[in-house]
Amino acid sequence: TAVRNHGGGHFNHSLFWELMIPGGNKEPQERLLEMINKSFGDFGKFKEQFSAVAMSRFGSGWGWLISDVSNQLSVVSTANQDNPMMDNKDAKILLGLDVWEHAYYLKNQNRRKDYVDSWWNVVNWSEVNKRV
């Protein structure tokens, strides 16, 4: 349990910081955008689904965009410091959002929606594209 919690926390947060940048591209490009359009209909629908998953995580956890071995995308959530690879060795994490209260409380208090909405402005789509 300790290794899962601390190792997961380290992995998840290390990835989280790499996937953000101020003033980056406002949406994915090239292959990732094509995959999003194929899996979700369009980028707007993807953002809605991802945000809803992040908002619906009760308590502490994460929202994720993952791909499987056939490059099918899905949006999932995990509790605490877990991530999709812990239970699915074939999951490839493309994007992750920390929805632990510590991630947003100082600036947004208990307004998780404000935090999720503003997070879209700092997603480092160039880095996410490299993960495809």
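Which residue in S2 is the bridge partner of Gly 61? The partner is Ala 79. Keep that pair in view as you read these notes on a predicted model.

1. **The sheet.** Start with the strands. Three of them form an open sheet in the order S2-S1-S3, and the pairing is antiparallel. S2 and S3 stand at the edges, each with a single partner strand, so one side of each has no neighbour in the sheet. Neighbouring strands are turned by 25° against each other on average, direction ignored. As background, strands of a sheet pair through backbone hydrogen bonds, either parallel or antiparallel.

2. **How S1 pairs.** Strand S1 covers residues 61-67 and pairs with S2 in the antiparallel sense over seven bridges. Besides Gly 61 with Ala 79, look for Trp 64, which stands opposite Val 76 in S2. With S3, S1 pairs over six bridges, again in the antiparallel sense. There, Gly 63 stands opposite Leu 97.

3. **Two faces of S1.** Which residues point which way from S1? Gly 61, Gly 63, Leu 65 and Ser 67 point one way, while Trp 62, Trp 64 and Ile 66 point the other way. Is S1 mostly covered or mostly open? Seven of its seven residues are buried, so count it as mostly covered, given that buried means under 20% relative accessible area.

4. Two helices to inspect here are H1 and H3. H1 packs on the sheet and touches S1 and S3. The direction of H1 makes about 85° with that of S3. Helix H3, residues 43-56, also packs on the sheet, touching S1, S2 and S3. Its direction makes about 15° with that of S2.

5. **The hairpin turn.** S1 and S2 form a hairpin with five residues between them. Asn 71 is in the turn, and its phi is positive, about 65°. Asn 71 is not a glycine. Most residues other than glycine have a negative phi. Asn 71 is partly exposed, with a relative accessible area of 33%.

6. Glu 30 is found in helix H2, residues 30-40. At 64% relative accessibility, Glu 30 counts as exposed.

7. **Salt bridges from Arg 4.** How many salt bridges are there? The count comes to five. One of them joins Arg 4 and Asp 82, with the closest N and O atoms 2.9 Å apart. This pair links distant parts of the chain: Arg 4 sits in helix H1 (residues 2-18), and Asp 82 in the loop between strand S2 (73-79) and strand S3 (92-98), 78 residues apart. Arg 4 also meets Asp 87 in a salt bridge, at 3.7 Å from N to O. Asp 87 lies in the loop between S2 and S3, 83 residues from Arg 4 in the chain. Arg 4 is partly exposed at 34% relative accessible area, whereas Asp 87 is exposed at 67%. In general, side chains of opposite charge can pair when their charged atoms come close.

8. Lys 113 forms a salt bridge with Asp 117, and the closest N and O atoms are 2.7 Å apart. Both residues lie in helix H5, four residues apart, about one turn of the helix. Lys 113 is partly exposed, with a relative accessible area of 49%. Asp 117 is also partly exposed, at 37%. Back at the other site, shared partners join Arg 4, Asp 82 and Asp 87 into one network of salt bridges.

9. **The buried side of H5.** Which residues of helix H5 (residues 112-119) are buried? They are Arg 112, Tyr 115, Val 116 and Trp 119. These four cover an arc of only 95° around the axis, which puts them on the same side of H5.

Notes:
Residues are numbered from 1 along each chain as its sequence is written. This is a predicted model: local features need pLDDT of at least 70, side-chain atom pairs count only at pLDDT 80 or more; totals for chains, interfaces and linings use all residues. Side-chain values use heavy atoms; hydrogens and water are left out. Buried means under 20% relative accessible area, exposed over 50%, partly exposed in between (1.4 Å probe, protein chains only). The arc is that of the directions from the helix axis to the C-beta atoms. A salt bridge is a side-chain nitrogen of Lys or Arg within 4 Å of a carboxyl oxygen of Asp or Glu. Two strands pair if DSSP finds at least two bridges between them. Axes are lines fitted to C-alpha atoms, for helices over the stretch in contact, and angles run from 0 to 180 degrees between N-to-C directions. Contact means heavy atoms within 4.5 Å.
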